[in-house]
Amino acid sequence: DLSDEVGETCHLSLVQGMQLNSLSHAYSPRHATKVMLEDAEVLAFHATASGLAVLAHADTAFVDTILAAPLSSHTASTVTKPDTIRGQLEKVRALGMAESIGGFEAEVHSHAVPIFGPDCQPVGALAVAAPMSRMSAAQQELIPAALRRAGTALTHLTGGVAPSSYPAAPET
């Protein structure tokens, strides 16, 4: 439904141990050019919107462990300095949504929200990925609003609870 609404690739990822694995994805038939995903692809926490959405709301020990490991550069835009990433996480926490522009794949603009478990900890993320060339002002408004609604619904449908510190979605 989210893919149909925004006209772009949507994907769900799941935290499994110290990895973020792509679990499911949907492609919109609206465009021939689309962001493609590999089944069970491992996503970099530091280089993807999905990973940043999870890290921003994960406990400190988990974040410290992830950021202490070597951080690979996937593109020229990948941020690999832990202190810079920690600064990004503050912004993600304030907005309730992460954004990555070319951090994991060049020319891909992604937005993601965390999906929370019953303990208020992120268990994964829901994301929308689009070619940068299609990220118009209209899409910059549509995608975050639709993603926030879908992420909130998915958290509740799976028995999860967002922490009280998670910002409410802006009124539309």
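Reader: Is Arg86 buried, partly exposed or exposed, and what is its relative accessible area?
Author: In this predicted model, side-chain atom pairs count only at pLDDT 80 or more and local features need pLDDT of at least 70, while totals for chains, interfaces and linings use all residues. Residues are numbered from 1 along each chain as its sequence is written, and side-chain values use heavy atoms, with hydrogens and water left out. Buried means under 20% relative accessible area, exposed means over 50%, and partly exposed lies in between, with a 1.4 Å probe and protein chains only. Arg86 is partly exposed, and its relative accessible area is 31%.

Reader: Which residue meets Arg86 in a salt bridge?
Author: A salt bridge is a side-chain nitrogen of Lys or Arg within 4 Å of a carboxyl oxygen of Asp or Glu. The side chain of Arg86 meets its partner at 3.0 Å, N to O, and that partner is Asp64.

Reader: Where do Arg86 and Asp64 lie, and how many residues apart are they?
Author: Helices (H or I, at least four residues) and strands (E, at least two) are DSSP runs, numbered from the N terminus. Arg86 belongs to helix H4 (residues 82-95) and Asp64 to helix H3 (residues 60-68), so that the pair links distant parts of the chain, 22 residues apart.

Reader: Is Glu8 buried or exposed, and what is its relative accessibility?
Author: Glu8 forms a salt bridge with Arg134, with the closest N and O atoms 2.8 Å apart. Glu8 counts as buried, at a relative accessibility of 2%.
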